[in-house]
Every structure is written in C-alpha cells, then in structure tokens.
Amino acid sequence: MHVGGPLEGFRVIDCSRGLAGPRATGLLADYGAEVWWVEPPGGDPFRRALATEYAVFNRGKRSVQLDLKTVEGRDGLSRLLTSADIFLTSWRPGVAERLGVDWATLHEGHPRLVYASISGFGEDGTLAEVPGHEAVVQSYVGVTAEQVGARPAPIYEGLPFASIGAAYLAVIGSLAALYRRADDNRGRLVQTSLVDGALSYLGMMWGDADDANAAPPVVPGSIRLISRSFRCADDEYIGIHTGAVGAFGRLIRELGLGDRIPVAEDGSDMRFPLNEDEHKIVAAEIPAIFESQPRDVWLKRLLDADVAAIPELHPGQIFEEPQVRHNDMVSRIEDPVLGPLEQVAPAIRFSGLDHRPTLGAPIVGQHDDHWPAVLSNHENTAAEEGDDNEACLLHGLRILDAGAYYAGPFSSRLLADLGADVIKLETTLGDQLRGIQRPFRSASAGKRAISLNLKDPDLQAARERLIEWADVVMHNMRPGAADRVGLGYDDVRQLNPDAIYLYAPGWGSTGPDSMRQSFAPLMSGYVGIGYEVGGQFNPPMWPVGNEDPGNGLTGAVGILMALLHQTRGGGGCYVENPQLNATMTHAAHIVRRPDGTVLGAERLDPLQTGIGPLDKLYETHDGWLCVVAISDAEIRLLESALTVTILDDPRFATPELRSENSYDLSDMLSEVFLTRDSEEWLRLLRSAGVAAMIPKTATNNEAFHRDPANQAIGRIAQVQDSSGRFVREAAVMVRVTGATTPPHRLAPELGADTEAVLLDHGYSADKIAELRGRGSIR
C-alpha cells in the first residue's frame, strides 16, 4: 500500500553539492517530495570523497546531468524549473549571476518558484571568494576555540553542525515560503549560510550584553547542574545530566553526598551556584566515585533513582538499541555503490503520512532519459499573484507552546523569528531553564509568556480557549504528563480538530525507554557522537553543537510540513519528533553493512586536527591554518599553491588511497606549512582559490555579536533590555524576500503576558486578581 509523505506532490530541483545542500533536499525527499539532482557532466565532484554522506542524503532522488555553462544546459534547467516548487543551490555569491540562473532572472520566468540559496558565509558577500567548506566556516566562526579537546585550541570539530544547521534553516525557510505561497501565489528567495547554521547551534550558549550580568556565560561546574561523562570501573563511559526538577538532589543522595551538599526542597537546584567546597566535591570526588563500579551498575542505580543517564556508545552501536528499533529509526537501503546498508531513518513521524525511503542514491545521470516525459505530468503553472503583501512570512500563525527547557521551545522560537505569534505556557514555578539565562533567551526570544496552574478548575476555560485559539499546540513533556493537565492529543483534537499537534518527547511516546529523561548533550553521547568528536583512541567528548538546537530545528520542520500538507486539503495532524530520533540524524553520515562493518565513522585523528590530510588544521611557523581541498579541482589548486604533487603521486591518486596513506600525506604537507607564518599562507592560498582560514583559538563570542556585518544582515540583533542597556543575540538565521522581518524581542519574563492573554480570552480583571492572589497565575 502506498503511503504518501506530507510533501508528496512537491517537486524540488537540487543544484547543490557538499554537505548542507544535499542534506536539505534529502530531508525533503525523505518526506515525499520528488527531488531532481542536477549534476554536471560526469557527476558531482564530491561523490567519491563524500561516499557515505551522499549515500544517505541523496537516497530516493533522481539524477540528471546538465552543463549549466552552456545554453543547452541552462535551457534544460529552465524546463525542469517549469514544474518545480523549490530550486536549491549552494553556489558562492556571484556564481548564479555569472551562469544566468540567479534569483532575479529565474523569478521573472518562474514567479511561483521558491529559490533557496545556501552559501558558506552569507549573501552579503563576506568572504565570497572563499569556498564554504565546513571546517573553514567552523574556523571562521570560532568553533575551534569552543570545542573541548585533549589539547589546547584550536580543535577540529568532529560534528559538521554548521552544515546540519544550514540544511535545516534552508528547509524551514523554503517550507515557510511555500506556506505563504498558498495565500499569495508568490515565489520567494530564501537565503542562509553555513555561518548561520553554526550560529543556530552556538546561539544556545552564546550571547553578549553591555551589562555582563545580563547575559552571563555558562561556566561548567559553577551551578548545581552536573552534565558530563564519567569513566567507570570497566573503562566504559556514562553520561549524566541533572537538569530535571529535583534530579541534582537525587544524584547527590545516590552518591552518598547528601550530608555535604544541600539540595533545594522544591527541586530548583539549577538556579543556585555551588560554593567553593561544593565545587571541589563535584569536580574531584564525584569522578572518583564513578570509577568504583562498572557502567551497567551505575546505569541501573541512576535510572532507578530517576536521574538522566546513558551509556556512551561507539558509532554504529546505536542501531541495535531497543528504543531505536521500536522507533523504526533504521532504514535498510540498497546503495548502488556501497551495497546494502543500514541507514538512519527520517526522524519526524506524521500520523497517517509516514512515508519511508526505500531507494538508494542514483548513479550519475540515471534519469537523463526520463525527465522530459515526467515533466509533462507535473506543471507548476503560473498563477496570478495575490496582493503584494509584505507582512511577516508566518503572520497569522498562532502557536501554543507548553514545552520547557530548550529542544522543544526552540522550535517555536524559530517560527516566531518568521512572524508566528507564540504563547509560551509555563507553570507557576516557571521553566527550569530560566536559571540559565543565555539558553533560555535563545529558546524563547520573540514569544509571549503566560504562567498558569492548569490544575486550578478556574483555569480550565483558559486552557480550552487557548487550544481553540491555536493553529499549533506543542510540548515536550514526558509521556502522560500533558494528559494530566488537559493538553494531551485527544484533549486538543476534541476542542480543535484542525490543530497541528507537535509532541517532542525525549525517547518516544511509547517503547521500552519512553519514560526516561532526555537532556542534551546526553543523546549525542548515546548515538556515538561523543567518540566522533573525541577523535580516534580518545575518550568521548561532547560536541559544542548538540542535539537541543537540532531537535528544535527538526521540530520546526515538522510543524511546517504538517501546515503545508494542511494547505493542500489535509486536516489536523499528530506530529512526533523524539529527541532520540533527531539526534540520530546528526550522525546520519554513519552507516552500517549487514556484516556489522561501520562506514563513515571515527575519522577524526587522535590529535583532533582533522578528518583527513586535505581537511585539516595544520601548524604553521607561528600558529595554525585550516585547509580544505576535497575535489580533484580543489586539490590541483592546492598543489599549485604549495608546489607539491598529490594527485599524480600513486599513493594519493584517489580518495581511498589518500585515506590509506593519510599519515604520509599529512607529514608531507605539515613540513611545508611549518615554513611560513599563518597570515602569509592565508594570502597565498586565498589568491590561489584554496579554501583556507586561520582558526580561532580564543572565544569569538563577543566579536561575532558586535560585528557590524552580522548585525547588518540581521543574524545578530542588538536590542535594549528593561534597564536600557543593549543585549546582542542570535536573531534571523534564514532570510526571505517579500516578507517583513519582525522586530527582535528578548525572551519574556515569567508571566509577562498572563493578564493580557487572560483578558483576551474572556477573564475579568477581578477574576485575574483573584487567581493571582491564590497563586494560580503569575
């Protein structure tokens, strides 16, 4: 039986290459869109070097070869675009114009087409001449200074979260543009970059303010929160997180330290700092306690004590975990190059629309002879445009967000950035994350906030009216918790059958682990990313870009897909976005063969300098330099600049040989780079067209937020707080033409809009005062 996805009937033309673009269009294909991958004659030049990534992100697509440098190739692309809904590119600024396939040119002939562009550094032209490879962008933004490592910075980041973030942002912008197109028939230009993608993750912990106390940095070990890995007696590692209400106290008591570290009776420990003596206990004594017993013993003890704990798994081991199998998160795909593979399945689940990928990535030009006939079955005919309305892209969309912490609420914050009206519903105690200001601000910017005790019978009317008001109801409580306060799916469907209901549990709504707690970055360790980031032979280390922002990005995608399906005749929809599933997509480049062989994993070297000799941080005479050359054309440019031989050396002629002889190639290049200073190498390599960047070795947080270019493009907002001082934080990370950008608003205080919202929903001022007097609202 055919099961269509929420994007069935949409057509996408993909002219991207690398990591971000193929991941974005692969996401669309996974949910039912028909994606045509346009490759140059002979195929995408990254096919061999990115074999496992391409096997996953290009599954289910169709491949056609077109030479866009020729009139015939551009004419062929124009014919493809006649039937397309989305056109996605990853060219550097200026390339599309030179080819004659830029937004202005194509919009004239295809007025309903959504044109999505993912560049390396942004559409404003910053570093337009530099190829936007992942490691180069990470070096530019400053991830190399933020990532924990086994040696001093710079550290090569083992998780390509700039590309992951950019892919999600491009999809969010494109789907939002299609949603708006349903009203006005207008295509729009959607622009984002790998810099924005990195910021979508870094923004969780980054921020800047005139008053340092207004956005204090998060210092590990400074508050009553334990979030780290511990080595156990059997030399295995366990990840611990005490972010849940009361979890810090439960762990302290389980470890026998209750008489030495006092805990809060109401469970709000995370709001309070550790004193000097307590800090010493946490930093020195707790690790020693964990080394006293094997990991399995600790896992049982802590799970029985209701403390979030996970085993740190090696890449590929996650495929066998019971909850993963229960969630159906393993797809079996026949790849034409790598053979039968187990791959990470799509993360989001749509009730009644659970489309599953079944086909592998196409071979080069597999559909060259098919596309003319196919086009006749799908023509995206030009319709008369509606009013030239420059309102916010998601103007009129209403979201009731009852989520807490970061992962769930970040989904609605991303939609608030595009104009959605989001009401954050909290208990009278408030979101526990309010105790850590930077991530709370990042997750809740642009929202309204109300604080209600929904167990008070006098607030049941408010609950019902808010549900009836909302187009989307969402939360990330543990299974059963929402039902107890009247926010379960059945409650919402009864009151508002057209609502989109997004549930973002930690592990899943059902299954053997569904009642376990879930916190970032535990899930990263669980799916194997800790070892990806730690490097070969090293202990696991958690990534700077963790699953909380990733889960939020995925949730925003799920909401928009469901809304888009609704515009085409669908009704209300249950959407599930478990954090476990979303985190697995971070490691989607890792696949497994039937014999258990894992491909694409643990490529980062022990010194955490790179994933290969041509994607690496090199020491220079006076510092460091990041250099990336993946395709043969890029390698030729590097050879010329360095006066070395690589491709004509039989040891390094192919990606496979370069991997096999990586130490020889690294040693050869290391000797060369040590002969000059970093700045001198940067000038030489840039002039030769080689992707290079001097990596940051100290935090770039303040400089990034105060950079006029970042503020001008809108990715950083500078706004005044209640004291009149300026706060700077991540703002709009995907920009869309033909729509107003809403002014950035800082995250609201607890209950800031309670009175106004209750008045709007039928409560009198006297009743509100009565509710406030007995503590049922704040």
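## Ground rules

Since this is a predicted model, local features need pLDDT of at least 70 and side-chain atom pairs count only at pLDDT 80 or more, while totals for chains, interfaces and linings use all residues. Numbering starts from 1 along each chain as its sequence is written, and side-chain values use heavy atoms, with hydrogens and water left out.

Helices (H or I, at least four residues) and strands (E, at least two) are DSSP runs, numbered from the N terminus.

## The sheet

Let's start with the strands. Seven of them make an open sheet with mixed pairing, in the order S3-S2-S1-S4-S5-S6-S28; two strands pair if DSSP finds at least two bridges between them. At the edges stand strand S3 (62-65) and strand S28 (735-736), each with a single partner strand, so one side of each has no neighbour in the sheet. Strands of a sheet pair through backbone hydrogen bonds, either parallel or antiparallel.

Both kinds turn up here. Strand S4 (residues 86-89) runs parallel to S5, joined by four bridges, and Leu-88 has Ala-116 as its bridge partner in S5. S5 and S6 are also parallel, with five bridges; Ala-116 is partnered with Val-190 in S6.

## Strand S5, covered on both faces

Strand S5 (residues 114-119) is largely enclosed by the rest of the structure, because six of its six residues are buried. Buried means under 20% relative accessible area, exposed over 50%, and partly exposed in between (1.4 Å probe, protein chains only).

In a regular strand the side chains alternate between the two faces of the sheet. For S5, one side carries Val-114, Ala-116 and Ile-118, the other Tyr-115, Ser-117 and Ser-119, and all of these are buried.

## Ser-163 in helix H8

Ser-163 belongs to helix H8 (residues 161-184). With a relative accessibility of 4%, Ser-163 counts as buried.

Who are its neighbours? Leaving out residues up to four places away in sequence, Ser-163 touches Leu-19, Ala-20, Glu-134 and Leu-194, where contact means heavy atoms within 4.5 Å. With Glu-134 there is also a side-chain to side-chain polar contact at 2.5 Å. A polar contact is a pair of N or O atoms within 3.5 Å; within protein, one must be able to donate a hydrogen and the other to accept it, and residues adjacent in sequence count only if both atoms are side-chain atoms.

## Cavities

Searching the whole structure turns up eight cavities of 30 Å³ or more. On a 1 Å grid over the protein atoms alone, a cavity is a set of points where a 1.4 Å probe fits but cannot get out, and lining residues have an atom within 4 Å of a point. Grid points are joined across faces, edges and corners, and a volume is the space filled by probe spheres set on the points. The largest cavity comes to about 230 Å³. It has 20 lining residues, of which Arg-23, Leu-27, Asp-30, Phe-57 and Thr-585 are closest to the centre. Helix H1 (20-30), helix H2 (51-57) and H8 each give two or more residues to this lining, with H1 providing the largest share, five residues. By class, the lining has 14 nonpolar, three polar and three charged residues. Here Ala, Val, Leu, Ile, Met, Phe, Trp, Tyr, Cys and Pro count as nonpolar, Asp, Glu, Lys and Arg as charged, and the others, Gly among them, as polar.

The second largest cavity has a volume of about 70 Å³. Trp-206, Arg-438, Arg-441, Ser-442 and Glu-729 are the closest to its centre among 13 lining residues. At least two lining residues each come from helix H16 (437-444) and strand S27 (726-730). Its lining splits into four nonpolar, four polar and five charged residues.

Two cis peptide bonds are worth a look. Ala-153 to Pro-154 is cis with omega near 10°, and Pro-154 sits in the loop between helix H7 (143-146) and H8. Ala-520 and Pro-521 are joined by a cis bond with omega about 0°; Pro-521 is in the loop between strand S18 (500-503) and helix H20 (522-526).

Asp-235 is not a glycine, yet has a positive phi of about 70°. This residue lies in the loop between strand S8 (227-231) and strand S9 (237-241) and is partly exposed at 44% relative accessibility.

Note on methods
1 Å grid on protein atoms, 1.4 Å probe; cavity = no way out; pocket = protein on both sides within 12 Å on 5 of 7 lines; lining within 4 Å.
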